[in-house]
Amino acid sequence: MGTTETGSGSGSGAETRSGSGAGTGAGQERERDPELDSDRKPDPGRKPEPARGGRRLIRGGVRGRDARVRGRRSGRVIAALACVTAGLLAFHSVLPNSPGRLGSLLESFLPWLGLVVVPLSVLALIRRYAVALVALLLPVAVWSHAYGVLLLPSGEPDRRELVVVQHNVSDENPDPAGTARALAAGAPDLVALQELVDPARGSYEAVLAPEYPYHVVHGTVGLWSRHPLADARPLDIKPRDIAEGWNRALRAVVRTPSGDVVAYVAHLPSVRVGAGGLASARRDESAGRLGRALAAERSDRVLLLGDLNGTVDDRGLAPLTSRLGAPERGFAFSFPAGLPLARIDQVLARGAVVREIRTLPATGSDHLPVTARIALR
């Protein structure tokens, strides 16, 4: 019995110690937990860090806001470029011509400026820049007003119309006879040629003579006609710094069934584009001299056919385009023949209307020939 009690007491004591030891350990853990918890409490002066998912949301929001800002800026840039393009198309004449005659250079290729709208429109559509798309309507409207009419049909030919062909045949043309046959194939009333040199001149005269019994040649320019010619004479448009022997203009009266028409044929000096811009001083001087001759012309009906080395938009030709009307229909880019970018071969009129101008197939020249229909008033 004593052994049992002792065992029981010993067991009980063991259990008591064990329980006390376990309780003490648990108590120690409970006493440490507040200290650990207190160590993890945030600093009152420091903002709590967001959860990891929250950080992703914030970064995504920032990136989205930055993208929208960049998008608005890109849209504004496209809109600004559209306005500049429209301004140049509408007010190119106020652009200073110095240095380098930049105004004339722009005007030489002015219709092509409208192509700027194409890549800008594609970018605006892809990016969905609404403001840019609205702004791009402005250059489209200006271009359409200035050049859209040239794309319209010209109407049916009239019996009183003259059909003319204008061509710089090139002094290096390897096939003058073939060129002459090509020009006469459309049976025009008048054929005006420039850069006529020997011996090629004889080939043109021989081929054209059967259908064009009337012709006149002065220097390197000539006019062939189905109708009688009268009062033909050379015209001096030579710039001051060019030596004698430079004869590149003439005047003649054409006796058409509808009445007399004064025809001028001219070849203005060439222009060059270089590091200093557009070198056109000689051409501009020659255009001024030709313009004064046109101003003094008393005839009501006047035609000018020639290689003017400039477009009708070019301010350098203002002495001519201010006195004569340009074609109502057609672009007829004539130079260079391999990749025509500008119409420098012109048919202009006073007392008549150039209904339409278009190019003909290439010849052995570096220019394309142009043909025009002219309604006499």
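Student: What makes S5 and S6 a pair of strands?
Tutor: S5 is joined to strand S6 (residues 249–256) by 4 bridges, and the two run antiparallel. Strands pair if DSSP finds at least two bridges between them, so 4 bridges meet the rule. One facing couple is Leu229 and Val254, the latter in S6. Strands are DSSP runs of E with at least two residues, while helices are runs of H or I with at least four, numbered from the N terminus. This is a predicted model, where local features need pLDDT of at least 70, side-chain atom pairs count only at pLDDT 80 or more, and totals for chains, interfaces and linings use all residues. Residues are numbered from 1 along each chain as its sequence is written, and side-chain values use heavy atoms, leaving out hydrogens and water.

Student: Why are S5 and S11 said to stand at the edges?
Tutor: The open sheet has 5 strands in the order S5-S6-S7-S10-S11, with mixed pairing. Strand S5 (229–234) and S11 each have a single partner strand, so one side of each lacks a neighbour in the sheet. Neighbouring strands are turned by 15 degrees against each other on average, direction ignored.

Student: What packs on the sheet?
Tutor: Helix H8 (residues 281–296) does, touching strand S7 (259–267), strand S10 (302–307) and S11. Its direction makes about 170 degrees with that of S7. Angles run from 0 to 180 degrees between N-to-C directions, with axes fitted to C-alpha atoms (for helices over the stretch in contact).

Student: Why is strand S4 described as largely enclosed?
Tutor: 5 of the 5 residues of S4 (residues 221–225) are buried, so the rest of the structure largely encloses this strand. Buried means under 20% relative accessible area, exposed over 50% and partly exposed in between (1.4 Å probe, protein chains only). Val221, Leu223 and Ser225 point one way, Gly222 and Trp224 the other, and all are buried.

Student: Which strands does S4 pair with?
Tutor: S2 and S4 run antiparallel and are joined by 5 bridges; Leu193 has Gly222 as its bridge partner in S4. Strand S3 (residues 214–218) also pairs with S4 in the antiparallel sense, over 5 bridges. In the hairpin of S3 and S4, with 2 residues between the strands, Gly219 takes a positive phi near 65 degrees.

Student: How do you know whether Phe331 is buried or exposed?
Tutor: Its relative accessible area is 17%. That value is under 20%, so Phe331 counts as buried.

Student: Which residues touch the most other members of the largest nonpolar core?
Tutor: Among its 25 residues, they are Val164, Leu223, Leu303, Leu305, Val347 and Ile374. Strand S13 (residues 370–376) gives the most to this core, with 4 residues. A nonpolar core joins buried Ala, Val, Leu, Ile, Met, Phe, Trp, Tyr and Cys through side-chain atoms within 4.5 Å.

Student: How confident is the predictor in the chain?
Tutor: pLDDT is its confidence in each residue, from 0 to 100. The chain's mean is 87, and 81% of its residues reach 70 or more.

Methods: Contact means heavy atoms within 4.5 Å.
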